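User: I am new to this structure. Please take me through some of the terms used for it.

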Amino acid sequence: MKDIKRYSAVEFKATPLKNQKRGDWDVVLEYHGEGEGPWLVDLSHRTRLDLQSSDLATKKPFGITIPETPCRSVLEKGMLLNRMNRIQTSIYHLDGETIDIPEEKEYTDVTEATIFVAIFGSRVFSVCEKLSNLDFAGENKQTPFLFQGPFSHVPCQIVTLSREAEKSGVVLTCSRGYGKHMIDGILHAGEEFGLTPAGEARFTSWINNL
Amino acid sequence: MALTITCPICGKRNGYEFRYGGEEKGPRPDQKDLTPESWCDYVHMNRCVAGIQQEWWFHRDGCGSWFTIFRDTTTNLEKETPEAKE
């Protein structure tokens, strides 16, 4: 039997310095010349789940309580839960060891259907406002919070995790088919702010400091 | 004039994020006594109000919700209620 190899739809024109084989994925931990930020990190290998149930109030995925209000999110134990509407919650695995996907039929693994990137560092919102008219800084909202809307004209889920100066950052997911052009668009918009591709290690360091 | 629409999930957004779903025409007619003519009227005929009408919208680029709003077709502005005045 041949080994399965999974590829992210996100490709950076940067030279990897450190790689790690994780499951069927080849994960880049660090790129050459990551610079001072802001950074763009490919997290497509991280598990994403869609939880759909008419009775979300009784569900506690990974022991975490789902926010009651749509567009609110919660970050606990390396898991990000985003309440999408009355019956749906998206779940992103951001940090820690590989997770076991719950066996209940309400959970759908959407990891390979979407791309998943993080944009963080100072002036991240300046990059974002070139690509979307949504207010990701959302001064009157409590972080983390979810936006479902267009980013670079593509329907996305975007979660603002922090808006504290150097720690500012968002994670973004959209259909896999848009991957290449979405990344080109983000890097082009971020060029004037010094946006560079970075490896997963930099993301892990950022998320652990939030 | 730019149209903004208030989605019940996402809040006020640019009208280009939405797809128009037609006039609100009330519940589907009862199957009993339904004639081809009355079904055709229900499906195809519109009131085309010059003023405030209730209509369906779909948040295509956002949360995927279907919902109704009131819109003044003469000003292309969303209204809170059918009786809303300028």
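User: Why is A:Asp50 called buried?
Analyst: Buried means under 20% relative accessible area, exposed over 50%, partly exposed in between, with a 1.4 Å probe and protein chains only. A:Asp50 has 14% relative accessibility, so A:Asp50 counts as buried.

User: What kind of model is this, and how are residues numbered?
Analyst: This is a predicted model: local features need pLDDT of at least 70, side-chain atom pairs count only at pLDDT 80 or more, and totals for chains, interfaces and linings use all residues. Residues are numbered from 1 along each chain as its sequence is written, chains are lettered from A and ligands numbered from 1 in the order written, and side-chain values use heavy atoms, without hydrogens and water.

User: Which residues does A:Asp50 touch?
Analyst: Contact means heavy atoms within 4.5 Å. Leaving out residues up to four places away in sequence, A:Asp50 touches A:Met84, A:Gln88, A:Thr89, A:Glu106, A:Tyr107, A:Thr108 and A:Val110. A:Asp50 and A:Val110 are 60 residues apart in sequence, yet 6.7 Å apart in space, C-alpha to C-alpha.

User: What makes the pair A:Asp50 and A:Gln88 a polar contact?
Analyst: The term needs a pair of N or O atoms within 3.5 Å; within protein, one must be able to donate a hydrogen and the other to accept it, and residues adjacent in sequence count only if both atoms are side-chain atoms. The two side chains are 3.2 Å apart, so A:Asp50 and A:Gln88 qualify.

User: Where does A:Asp50 lie?
Analyst: In strand 4 (residues 48-52) of chain A. Strands are DSSP runs of E, at least two residues, numbered from the N terminus. The open sheet has 5 strands in the order 5-6-7-4-8, with antiparallel pairing.

Technical notes:
Pairing = 2+ DSSP bridges. Helix = DSSP H or I, 4+ residues; strand = E, 2+ residues; numbered from the N terminus.
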